[in-house]
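Colleague: I would like to go through the helix packing and a few backbone details. Could you put the model up?

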Amino acid sequence: MAAPAMITTLTNLSIWDGEKHLDANALRLNGSQIEQIGEASALSQGARLIDCRGLTAMPGLIDAHVHLELNPDDKDPPDKTDLKIAPIMAERAAAMVAAGITTARDLGGGAWLELSLRDAINRGEAIGPRLICSGQPVTSPQGHCHFWNGVAADFEEAKVVMQRQLEHDVDLIKVMATGGRLTRGSKPTDVQFGQDTLSRIVDFAHAHGKRVAAHCHGTHGIHQAAIAGVNTIEHCSWVGAQGWASDYQPDVADLIASRGIWVSPTVNRGWQRMLDNTKGAVLARVRSAYQNMMNAGIPLIASTDAGIPGVYHMDLPHALLVFAQIAGLSAQQTLTSATRDCARAIGLGDQTGTLAAGMAADLLLVHGDPLADLAVITDPAAIWARGRQIKLAI
Ligand SMILES: [Zn+2]
């Protein structure tokens with residue numbers, strides 16, 4: 001009898017599970033899940049067999065910070081959401097998963113279009129990464145990304161904004177703790193809320209079972225977010241009077257570490273220019289901030305802020321090469337930041353980010369050993385996303 005098409009066993013491969021190489025050479029996929037990992041002789045029965053000699057299986061990549069709604073080719077932010085862009089957002093999602101990004105966290109849009117796309121992907125009606133979405137970020141009047149309508153002058157107004165997000169079935173809450181570069185008139189160094197308001201926003205989200213991602217550039221805002229107990233700090237740029245990464249404060253870093261907060265530094269492919277500019281002082285400051293954070297025990301997770309000008313949605317694999325060089329990470333550390341750690345940070349560690357029996361079949365096959373040559377992740381030989389075969393070119 002022919003094997004059910006849904007069972008596939010990959011044989012003769014190396015397996016890197018998100019943390020280490022496994023002593024196994026086969027992986028059996030059944031429907032949307034990994035059924036078993038072990039020896040080919042024990043996992044082949046009743047399955048379609050694919051000989052993967054020369055390839056390594058690794059978990060699908062995760063981008064912890066994207067905006068499906070934003071067009072990277074637009075120099076200026078939109079003044080409101082264009083409701084006709086849903087099909088373009090679906091194309092962006094398809095391009096992401098075709099690059100090996102099997103999960104992404106969308107941290108802001110104006111009209112919940114990315115949530116509709118999330119649901120369509122979950123139903124199998126669209127192709128894309130597993131998405132988790134924040135909807136409209138909570139921001140101050142005229143504050144960062146106010147054009148997405150999540151504006152609140154105080155906690156009572158913030159509660160109304162958050163209730164609106166909950167009604168739209170968001171997965172988490174995003175709050176703008178400081179200003180940003182994208183929005184004219186908002187300053188990265190300045191906080192947008194008082195400590196009491198920010199803390200109450202975080203408490204409200206947590207009481208409703210939602211994690212909180214906080215946009216923070218300046219050190220004051222980073223400190224407030226740590227005190228408030230957010231789950232992830234986005235950017236964490238340590239911006240001070242002397243510019244980017246000029247105001248690193250060890251006691252604030254210690255607080256971030258002690259509260260178990262993850263940092264999502266949004267390093268994109270374009271940061272290559274920082275590496276190319278050998279005379280620049282910013283690279284040394286940014287690198288030491290990242291290394292100091294890691295030494296303090298703060299895990300860094302992979303993220304790109306895709307959608308902002310010049311940052312394309314499918315760029316994460318290339319961005320990881322730049323992230324590794326800027327932060328001084330080994331290939332193993334870089335890949336763990338984009339798989340196991342990223343999944344844990346965004347609350348999906350029990351579903352994805354590692355290869356193990358019972359986990360989602362989110363995986364890439366890459367040529368050779370990604371720990372020896374990180375660049376192989378930019379051209380995977382095969383991709384599965386929740387068991388759906390996205391690419392098979394071996
Ligand atoms: Zn962003």
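Some questions and answers on this model follow.

Modeller: This is a predicted model, where local features need pLDDT of at least 70, side-chain atom pairs count only at pLDDT 80 or more, and totals for chains, interfaces and linings use all residues. Residues are numbered from 1 along each chain as its sequence is written.

Colleague: Which classes of residue make up the contact of H6 with H7?

Modeller: Thr-219, Ile-222, His-223 and Ala-226 in H6 meet Val-252, Leu-255 and Ile-256 in H7 (contact: C-beta atoms, placed from the backbone, within 7 Å). Ala, Val, Leu, Ile, Met, Phe, Trp, Tyr, Cys and Pro count as nonpolar, Asp, Glu, Lys and Arg as charged, and the others, Gly among them, as polar. The contact divides into 5 nonpolar, 2 polar and no charged residues.

Colleague: How are H5 and H6 oriented to each other?

Modeller: The axes of H5 (residues 195-207) and H6 come within 9 Å. They cross at roughly 45 degrees. H5 and H6 are therefore oblique.

Colleague: Is Ala-225 buried or exposed?

Modeller: Ala-225 lies in helix H6. Beyond four places in sequence, Ala-225 touches Ala-177, Leu-198, Ala-214, Cys-216, Val-230 and Ile-233. A residue is buried if 20 or more other C-beta atoms lie within 10 Å of its own, exposed if 12 or fewer, and partly exposed in between. Ala-225 has 33 such atoms within 10 Å, so Ala-225 is buried.

Colleague: What is the phi of Trp-112?

Modeller: Trp-112 is found in the loop between strand E8 (101-106; a strand is a DSSP run of E, at least two residues) and helix H3 (113-122). Trp-112 counts as buried, with 20 C-beta neighbours inside 10 Å. Most residues other than glycine have a negative phi. Trp-112 is not a glycine, yet its phi is positive, about 60 degrees.

Colleague: Where is Asp-305 found?

Modeller: Phi of Asp-305 is positive too, near 65 degrees. Asp-305 has 24 C-beta neighbours inside 10 Å and so counts as buried. Asp-305 is found in the loop between helix H9 (282-295) and helix H10 (316-327).

Notes
Two residues are in contact if their C-beta atoms, placed from the backbone, lie within 7 Å. Helices (H or I, at least four residues) and strands (E, at least two) are DSSP runs, numbered from the N terminus. Axes are lines fitted to C-alpha atoms, for helices over the stretch in contact, and angles run from 0 to 180 degrees between N-to-C directions. Angles under 35 degrees count as roughly parallel, over 145 as roughly antiparallel, 65 to 115 as roughly perpendicular and the rest as oblique.
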